[in-house]
Amino acid sequence: MKKEDKGLMIETIKNTLAQYSTVYLTETTSLNAERTVALRRAAFKADIKMMVVKNTLLKKAMEQSDIDYSGLYDALAGPTTLLLCNTANAPAKLIKEFRGRKDTIPALKAAYAEETCFVGEQNLEVLAALKSKNELIADIVALLQSPAKNVISALQSGGNTIHGVLETLSKKEN
């Protein structure tokens, strides 16, 4: 590959990385063609971009990036497939779902999610359990609504009790 072509590829990878907040480095070489196509389709449906890149070009693109990816450099060995997404847990869930129960491919080499580097297969469960921004917002809204609902419920039930007591008293006087 010519030096100009490499520079262009590095710039393309750098621009692609800048579009996504989450980067997963995976190993997919032992997948056959049918399983690779199935993985690409599943990634597309989950709004995850899948790219196969050369480690040296990826490392140079990461070095030129505004984000500190240095924690991922040690994982850049052997064939690497990138899974890029803006939802931190989506690629981890995709990997777990795609594997099924027995398979270990695609293997997680490392990930950059929520401004943190996760290195190693053992972090797959942690990454899958991360909540997305929308899930966190929904949790906060539910927590904020809960006390208000309790107060309204208490007022309504108390109002019915007071109303019943007053009605009973008014009937007794007659």
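Two strands count as paired here if DSSP finds at least two bridges between them. Keep that in mind as you walk through this predicted model.

**Stop 1: the whole chain**

Of the 174 residues, 35% count as buried. Among contacts with a separation of 6 or more, 76% come from residues 24 or more positions apart.

**Stop 2: the sheet**

Now select the strands. They form an open sheet of 5 strands in the order β2-β3-β1-β4-β5, with antiparallel pairing. At the edges lie β2 (49-53) and β5 (116-119), each of which pairs on one side only. From one strand to the next, the twist averages 20°.

Next, bring up helix α1 (residues 3-18). Helix α1 packs on the sheet and touches β1 (22-27), β2 and β3. The direction of α1 makes about 150° with that of β2.

**Stop 3**

Begin with β2 and β3, an antiparallel pair with 5 bridges. Select methionine 50 and look across to β3, where leucine 83 is its bridge partner.

Click on alanine 111, and you will see phenylalanine 118 of β5 standing opposite. The hairpin of β4 and β5 has 2 residues between the strands, and glutamate 114 takes a positive phi near 55° there.

**Stop 4: the aromatic pair**

How many aromatic pairs does a search of the whole structure find? There is 1. Select tyrosine 69 and tyrosine 112 and show their side chains. The ring centres are 5.0 Å apart and the planes meet at 70°; planes over 60 degrees apart count as edge-to-face, so this pair is edge-to-face. Tyrosine 69 lies in the loop between α3 (55-64) and β3 (80-85), while tyrosine 112 belongs to strand β4 (residues 107-113), so the pair ties together parts that are 43 residues apart in sequence.

Are these two tyrosines buried or exposed? Tyrosine 69 counts as buried at 1% relative accessibility, and tyrosine 112 also counts as buried, at 10%.

The charged end of lysine 59 sits over the ring of tyrosine 73, 5.2 Å from the ring centre.

**Stop 5: the salt bridges**

Side chains of opposite charge can pair when their charged atoms come close. In this model the count is 2 salt bridges.

For one of them, select lysine 96 and glutamate 125, whose closest N and O atoms are 3.0 Å apart. Lysine 96 is in helix α4 (residues 90-99) and glutamate 125 in helix α5 (residues 124-129), so this bridge ties together parts that are 29 residues apart in sequence. With a relative accessible area of 33%, lysine 96 is partly exposed.

For the other, pick arginine 99 and glutamate 121, which meet at 2.4 Å, N to O. Arginine 99 is in helix α4 and glutamate 121 in the loop between β5 and α5, 22 residues apart, so to speak a link between distant parts of the chain. Arginine 99 is buried, with a relative accessible area of 14%, whereas glutamate 121 is partly exposed at 31%.

Technical notes: Residues are numbered from 1 along each chain as its sequence is written. This is a predicted model: local features need pLDDT of at least 70, side-chain atom pairs count only at pLDDT 80 or more; totals for chains, interfaces and linings use all residues. Side-chain values use heavy atoms; hydrogens and water are left out. Rings of Phe, Tyr and Trp (its six-membered ring) pair if their centres lie within 6.5 Å; planes under 30 degrees apart count as stacked, over 60 as edge-to-face and the rest as tilted. Helices (H or I, at least four residues) and strands (E, at least two) are DSSP runs, numbered from the N terminus. Buried means under 20% relative accessible area, exposed over 50%, partly exposed in between (1.4 Å probe, protein chains only). A charge sits over a ring if NZ of Lys or CZ of Arg is within 6 Å of the ring centre and within 35 degrees of the ring normal. Axes are lines fitted to C-alpha atoms, for helices over the stretch in contact, and angles run from 0 to 180 degrees between N-to-C directions. Contact means heavy atoms within 4.5 Å. A salt bridge is a side-chain nitrogen of Lys or Arg within 4 Å of a carboxyl oxygen of Asp or Glu.
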